[in-house]
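Take a look at the sequence and the fold below. The report then goes through the sheets, the helices packed on them and the core.

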Amino acid sequence: MSEMFEDREQPAGKDDFMPSLPVMVRLVEKRRETPGIVSLLFELPPADSPSFRPAQNIPGQFVMVWLPGLNEKPFVISYLTTAGFGITVMVRGNFSRRLAELKEGEMAGFRGPFGRGYSRYNNYQPEKIAILGGGCGMAPLALLAQAAPDATLIQGAPSARNLLYLERFPQQIACTEDGSYGIKGTPLQWLEGRVAEEFDVVYTCGPEPFLKAVVSLCLTKGIACQAALERYMKCAVGICGQCECDGRLVCRDGPVFDGTELAAMPSFGHFRRDAAGRRVSAAAGSPVAGCSPQPSRTCNGASPTEQ
Ligand SMILES: Cc1cc2nc3c(=O)[nH]c(=O)nc-3n(C[C@H](O)[C@H](O)[C@H](O)COP(=O)(O)OP(=O)(O)OC[C@H]3O[C@@H](n4cnc5c(N)ncnc54)[C@H](O)[C@@H]3O)c2cc1C
Ligand code: FES
């Protein structure tokens, strides 16, 4: 298994790493992945860049993307080679739309990586790893799947046209809710049908109700599990408190948490905070399509329910 998938503590906190100011890099290629999702491939920054070092990225960590005059938001690195890196953007609101509209040759600012990514269990067998995702939830799992080629990769989407990275990972098991491609159903239903002995560990990312169901299923079956949590972020370095979830700072302590940690968080699967810090339903406006516990859920549109 690749070095990219090592268990590391806070790699962004190295002495010479000052992740305060964004580094501007050039967009070199745009790839339309699905009707609402595009991948943006950028040139690498200088190797000694003080605040942006994509080569240090562990799958599941995130970087902050800055569009001058607009905002700065978290995204994961979904492509990484010696020539460049990429992010995969699902258009949801103003920022993601403007990001997806960037033209080749234009620049965006980056800092990071931040937080804790997926970690390896040294005693677990590579072929007994399952990686479960859907829609844009596949983005943080893509580099993980690359680093763990013997793992079983399962992707869910509402329909064939919403599936990501099909050519990139031809070995993956695809589930579609309408049955238009692969197995009819969801990755959760697929996992429900497996016996505990098949997997040592499940790595997952997707809408929170789906994550909650996966974590609960894994705990019941006695399978270790790690999931990436999404919370509104501003500083990304544990200062502003915007991403707080049951006493944990998701930007610093996560975004990837162990299933047992998540199960102990009362808000997990129920509430998140919006840009103004108000508690809203974790399910409302669910950002990632195709891995819902209920087959009828879709990705976009619903506005959050005020509590
Ligand atoms: C660690 C981390 C990594 C991320 N990585 C990616 C990535 O790789 N690719 C990607 O496309 N996005 C990613 N995101 C989400 C991204 O940062 C933005 O939040 C997203 O693009 C929406 O921003 P916006 O301004 O376009 O939309 P907004 O105007 O903020 O929101 C548009 C709609 O989406 C809903 N929404 C926004 N955030 C959430 C949420 N957390 N849960 C449920 N509904 C929500 C809003 O309620 C609203 O209905 C990540 C977020 C985090 C915290
Ligand atoms: S985003 Fe500021 S503390 Fe997490």
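## Pairing and the model

Two strands count as paired if DSSP finds at least two bridges between them. Keep that rule in mind for both sheets. The model is a predicted one.

The secondary structure of the protein chain comes to 6 helices and 18 strands. Of its 307 residues, 45% count as buried. Now look at contacts between residues at least 6 apart in sequence: 62% of them join residues at least 24 apart.

## The antiparallel sheet

In what order do the strands of the antiparallel sheet stand? The order is β4-β3-β7-β1-β2-β6-β5, which makes an open sheet of 7 strands with antiparallel pairing. At the edges stand β4 and β5 (77-80). Each has a single partner strand, so one side of each is left without a neighbour in the sheet. From one strand to the next, the twist averages 40°.

Strand β4 covers residues 71-75 and runs antiparallel to β3, with 5 bridges joining the two. F62 has F114 in β7 as its bridge partner.

Strands β5 and β6 (residues 84-90) run antiparallel and are joined by 3 bridges. Across this pairing, I77 stands opposite I87 in β6. Helix α2 (residues 139-147) packs on the sheet here and touches β5 and β6. The direction of α2 makes about 40° with that of β5.

## A residue in helix α2

Residue A145 sits in helix α2. Is A145 buried or exposed? It counts as buried, because it has 23 C-beta neighbours inside 10 Å, and the cut-off for buried is 20 or more.

Leave aside the neighbours of A145 within four places in sequence. The residues in contact with A145 are then I131, A151, L153 and F169. A145 and A130 are 15 residues apart along the chain, and their C-alpha atoms are separated by 9.4 Å.

## The mixed sheet

Another open sheet has 7 strands, in the order β11-β10-β9-β8-β12-β13-β16. Its pairing is mixed. The edge strands are β11 (183-184) and β16 (256-258), and each pairs on one side only.

Strands β9 (residues 152-157) and β10 (residues 173-176) run parallel and are joined by 4 bridges. The bridge partner of G156 is C175 in β10. Helix α4 (residues 208-221) packs on this sheet. It touches β8 (129-134), β12 (201-205) and β13 (224-228). The direction of α4 makes about 165° with that of β13.

How many residues of β12 are buried? The count is 5 of its 5 residues, so-called mostly covered. V201, Y203 and C205 point one way from the strand. V202 and T204 point the other way. Residues on both sides are buried.

On one pairing, β8 and β12 are parallel over 5 bridges, and A130 stands opposite V202 in β12. On another, β12 and β13 run parallel with 4 bridges, and Y203 stands opposite Q226 in β13. Together, β12, α4 and β13 make a right-handed β-α-β unit.

The largest nonpolar core has 75 residues. Those with the most contacts inside it are I131, V202, V214 and A227. Where does this core lie? Domain 1 (3-114) and domain 2 (126-281) both give residues to the core, so it lies between them.

Take A227 as an example, again leaving aside its neighbours within four places in sequence. A227 is in contact with T204, C205, L211, V214, V215, F257, G259 and L262. One of these contacts, V214, is also among the core residues with the most contacts inside it.

Conventions: Residues numbered from 1 in each chain as written. Chains lettered and ligands numbered in written order. Predicted model: local features only at pLDDT ≥ 70, side-chain atom pairs only at ≥ 80, totals over all residues. Core = buried A, V, L, I, M, F, W, Y, C linked by C-beta atoms within 7 Å. Buried ≥ 20, exposed ≤ 12 C-beta atoms within 10 Å, placed from the backbone. Domains from an automatic or database assignment. Contact = placed C-beta atoms within 7 Å. Axes fitted to C-alpha atoms, helices over the stretch in contact; angles between N-to-C directions. Right-handed = clockwise from strand over helix to strand, strands pointing away.
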